[in-house]
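Okay, thanks for coming, everyone.

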Amino acid sequence: MRPEPSSNKARSLPLPKTSNHWVLSLKARLESGSSTIAACIEQPCINLTHYFRQFDFLALYLVNPAVIKRYRESLSASRAKDDRRDAHALARFVLERHCELQPWQPADEQTRALSALTEKRRQLVDLRTSITNKLTQALKDTYPQSLELVGRYLYSPLACAFLNKWPTLADLRKARPATIKTFYYTHGSRRPEVIEKRLTLIAGSVPLCTDPIELEVATELIRAFVKQLQALTASIARFDRLIAQATAKHEDAPIFTSLPGAGKSSPPGCSPSLAPIAAFSPVPPPCNS
């Protein structure tokens with residue numbers, strides 16, 4: 001979108017086949033003496049922000065969706081909403097109010113690195129949670145006793161090793177109590193009362209499923225989930241180390257680490273993603289304050 005030369009209205013421009021051609025075509029339409037185009041982008045859409053920052057003739061304005069929603073409603077009583085109306089509202093908004101807005105500037109290199117690391121770590125944690133939920137359901141279907149035998153977290157080293165070694169109750173019942181006790185001690189579970197309670201549970205357990213086909217398939221599924229959890233947990237640990245290193249190098253690290261409740265997964269620079277595009281219009285000369 002861009003304003004008409006003789007009015008404050010915005011009009012649509014045809015879109016070339018590729019985004020690069022589109023952006024360069026906007027630059028070609030700059031009026032004489034102009035050097036910057038305002039790009040108003042509705043948050044969050046960090047990919048678009050990364051893409052458009054490579055063009056030095058674009059000034060990016062990142063706007064809260066709630067602000068644009070109210071502005072769009074002020075233009076018309078109709079509650080109709082589509083991409084064209086949204087683009088028109090964003091173009092008019094930045095055209096009318098660019099003097100009051102601050103163009104987006106990328107954070108420094110250290111902050112960007114921390115932000116990227118913490119964002120991707122969160123994605124890994126969410127993926128691990130999803131797989132943990134699937135593993136929990138698989139165990140409930142054929143091997144519910146295991147949920148009381150491996151501790152709270154199914155992605156812990158003890159839980160993964162236990163399920164890899166004994167993926168069914170039949171496999172577990174074949175093991176001697178001394179072997180099971182040694183296993184728990186080896187993996188850091190050494191409270192005698194807890195171990196005795198688990199051994200008692202194993203001795204009195206009745207299989208939920210005895211179908212050999214179902215158990216064979218369940219064994220493969222459980223081990224597949226366990227393998228994924230082990231890989232994800234190792235990756236998350238690596239991200240934790242990288243985040244710790246990046247945080248230590250950050251100039252604001254002393255301030256952040258002094259805040260109550262500050263954790264390793266939310267260092268400085270852990271900010272919300274930015275972004276969806278909407279519209280463009282040439283930036284008029286700066287306003288005098």
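Quick definition before the pairs: I call something a salt bridge when a side-chain nitrogen of Lys or Arg sits within 4 Å of a carboxyl oxygen of Asp or Glu. And keep in mind that this is a predicted model.

I'll go through some of them.

Let's start with K181 and E196. Their closest N and O atoms are 3.4 Å apart, so the pair counts, given the cut-off of 4 Å. This one links distant parts of the chain: K181 belongs to helix α9, residues 177–186, while E196 belongs to helix α10, residues 192–203, and the two are 15 residues apart. K181 is partly exposed, with 32% relative accessibility, and E196 is partly exposed too, at 40%.

Next, R121 and D240. Their side chains meet in a salt bridge at 2.4 Å, N to O. Here the partners are 119 residues apart, with R121 in helix α5 (residues 109–142) and D240 in helix α11 (residues 212–249). Buried or exposed, then, for R121? Buried, at 11% relative accessibility. D240 comes out at 15%, so D240 is buried as well, because the limit is under 20%.

R92 and E96 both sit in helix α4, residues 83–97, four residues apart, which is about one turn of the helix. Their salt bridge is 3.1 Å, N to O. R92 is partly exposed, with a relative accessible area of 26%, and E96 is also partly exposed, at 37%.

Okay, on to the cores. As a general point, nonpolar side chains in soluble globular proteins tend to be buried together. In this model, the largest nonpolar core has 31 residues. Which residues have the most contacts inside it? Those are L135, F162 and L172. As for who contributes, α5, α7 (157–165), α8 (169–173), α9, α10 and α11 each supply at least two residues of this core.

Have a look at L172 while it's on screen. Leaving out residues up to four places away in sequence, L172 touches Y143, L149, F162, W166, I180 and I202.

Finally, there's a second, separate core of twelve residues, and I37, F55, F57 and L62 are among them.

Technical notes
Residues numbered from 1 in each chain as written. Predicted model: local features only at pLDDT ≥ 70, side-chain atom pairs only at ≥ 80, totals over all residues. Heavy atoms only, no water. Buried < 20%, exposed > 50% of the residue type's maximum accessible area, 1.4 Å probe, protein only. Core = buried A, V, L, I, M, F, W, Y, C linked by side-chain atoms within 4.5 Å. Contact = heavy atoms within 4.5 Å.
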